[in-house]
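Reader: I would like a close look at a single part of this model, with each term given its cut-off as it comes up. Please take one chain and then follow its contact to the partner.

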Amino acid sequence: MKALTPSHATVLRAVDRCGTTVEAARRLHLTQSAVSKIIARSEAVLGVPVFERSAGRLVLLPQARALMRALGDVEDEWATLRRAVVDLRSGRALPLRIASTPSIGQGLIAQAIRRLVADYPQARIELIMGDAPTELSKGAADLGVMFSPRVTDDIALTPLARAAIIALVRRDDPLARRGSVSLPELRGRRLICFDREKSPLGWLIARAYERAGLDYAPFMTVPYSISAAHLLARQGDVILIDSLLTQAQHFEGLAKLDVTPELPTTICLMTVRSRPLTRLAARFVEILVGSRQPG
Amino acid sequence: MRLGALQVIHAFVRLGGTGEAAQGLGVSQSAVIKSLRLAEQELDLSLVAIVQGRLTPTPEALELTRLARPAFDVLRRAHHEADMIRVGMADRLRIATVPGLAHSILPPAIAGARHALADRAAVEVMFDHVRAHLSANEVDLAISYGPMATEGLRDVALRCSPLVCVLAEGHPLALRDSLTCDDLAGQRLVSYGPDGFSLADSFQDALGRIGLSGRVAITVRHTDTACHLAREGVGIAVVDGFVISSDLTRGLAVRALAGSPLVTAFAHHRDGPPLDQAARVLLEHLAGEGA
């Protein structure tokens, strides 16, 4: 069955308002014959007459009043839909949801977002600070960016950048004057670091401790590097975190030390293999991958 | 934005693939793919992605389909209005009802109103989505078990009734004049599920207050179903007492439920222009004033 189209509804409504095909055609920037054809086609599709001719005018039939109201709703709803398409195109309707950690969010992701909003100034973006694989799996995030994550088969990993584990101590700490420190030199220090089970970085650092014949026993575990930096309270405390945080943010009163031998880690982009990306998310991936550091 | 293109996108999303959409629309798969690609260009949206070797709807396609639903609904309604003109029902009284009241207070009220109007009023009854139908001006009156408390809609309390138990006449409990909640322990109970839109569904409220909410084993939508299940001996139907005025309980035992809170039937209409005569007369009969 042929269907009435929204443009048919617009023409029928215009004729109802104007009373003549000439005036309706003028308002809609159509020819009069086009308007007449659309009326005839619409009446054929609907299977009922809508207007009657009276004294040179087209008058709505009394029984078609409810139909004309319904056609008004068609016009309104399709106008709403057209506006919604503009929102979809601009990235306003479907936000880009990125699950990450504060240190990656402040550096790598912030730079990529700056480039993304140049292309999509109206885009909505949600930065989710949570466990990226979990957020991706449950559909709460479109993309994840994390340090060497442990993921299921459905999540594809793309290496983006390298970072390393660094130590932060207070500036009044004797270690602060040195540029680097080894793990055995941290023996006996109060360590603020990640949980070995909950964080890939915690697992990496714990393994390095074990290789060095040391116990990995932080006195306080934290979810994010930034939390650790804020919790460094007294002389003798040491935090081991990723190097991205100090690249993105300066911490007054704290000194950075390289850890020797180096503990490298990789920042990976995570996408769900079985789930297509929005155009906004796909563009963000292009930006991230395009700005990948060599090596 | 072409209607045909949107129909193809809708079929692609709903059926989950281009082959399935082609089958559903009765066209070739290549025509579907071509139409989707054209729609992508026309709308400047990404609609199709290749995921694990298969053409899959993108989130934009899913969202567009969701957003287009009201637009398709109003188009369907315009066709429906044309159908009503064709069958001589352009001028009709349109009523939306929850299933629980559809076969109890509504039929006698419609019969009474039509009689009062010398059989002039054509009536169209719709089920479910009562508030949506009323807000969208698809119906003139709606009836449900609770106030909607929605701006632009007026709630009218119609009448109250306690809950009753409907059971097969051969059921041992049919020998009693009335039943208590304790009598119903161990019995399989049949009743309605929540209507999902009332601010306070008085039927569910009554079930809850008498302690039966968690004890309903079979939820049904229609009073008829509840009565049929009781007739088949599947269980005891706990319904509102409005059912007594219908024929549904013929051959069944209807017993009062002691201590039952009252269930209130509500009518709803839009604020603004006054109701036309047919709607006013029906409203009186629904409230029991026109009988």
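How many helices and strands does chain B have?

Author: Before the count, two notes on conventions are needed. Residues are numbered from 1 along each chain as its sequence is written, while chains are lettered from A and ligands numbered from 1 in the order in which they are written. This is a predicted model, in which local features need pLDDT of at least 70 and side-chain atom pairs count only at pLDDT 80 or more, whereas totals for chains, interfaces and linings use all residues.

Chain B has ten helices and twelve strands, where helices (H or I, at least four residues) and strands (E, at least two) are DSSP runs numbered from the N terminus. The radius of gyration of chain B is 24 Å, well over the 19 Å that the globule rule gives for 291 residues, so chain B is more spread out than a compact globule; this radius is taken over C-alpha atoms, and the rule is 2.2 Å times the number of residues to the power 0.38. The C-alpha trace of chain B spans about 70 × 50 × 35 Å along its principal axes. Of the 291 residues in chain B, 40% are buried, a residue being buried if 20 or more other C-beta atoms, placed from the backbone, lie within 10 Å of its own. Among the contacts in chain B with a separation of 6 or more, 74% join residues 24 or more positions apart, two residues being in contact if their C-beta atoms, placed from the backbone, lie within 7 Å.

Turning to the partner, 31 residues from chain B and 32 residues from chain A take part in the contact of the two chains. On the chain A side, the elements that give two or more residues are helix H1 (6-18) and helix H4 (65-90) of chain A, and H4(A) supplies the largest share, 15 residues. By class, that side has 20 nonpolar, five polar and seven charged residues, with Ala, Val, Leu, Ile, Met, Phe, Trp, Tyr, Cys and Pro counted as nonpolar, Asp, Glu, Lys and Arg as charged, and the others, Gly among them, as polar.

Chain A itself is divided into domain 1 (6-90) and domain 2 (93-295), with bounds that come from an automatic or database domain assignment. The centres of these domains of chain A, taken over C-alpha atoms, are separated by 59 Å, and four residues of domain 1 of chain A are in contact with five residues of domain 2 of chain A. The domain 1 side of that contact in chain A divides into two nonpolar, one polar and one charged.

Key
Buried ≥ 20, exposed ≤ 12 C-beta atoms within 10 Å, placed from the backbone.
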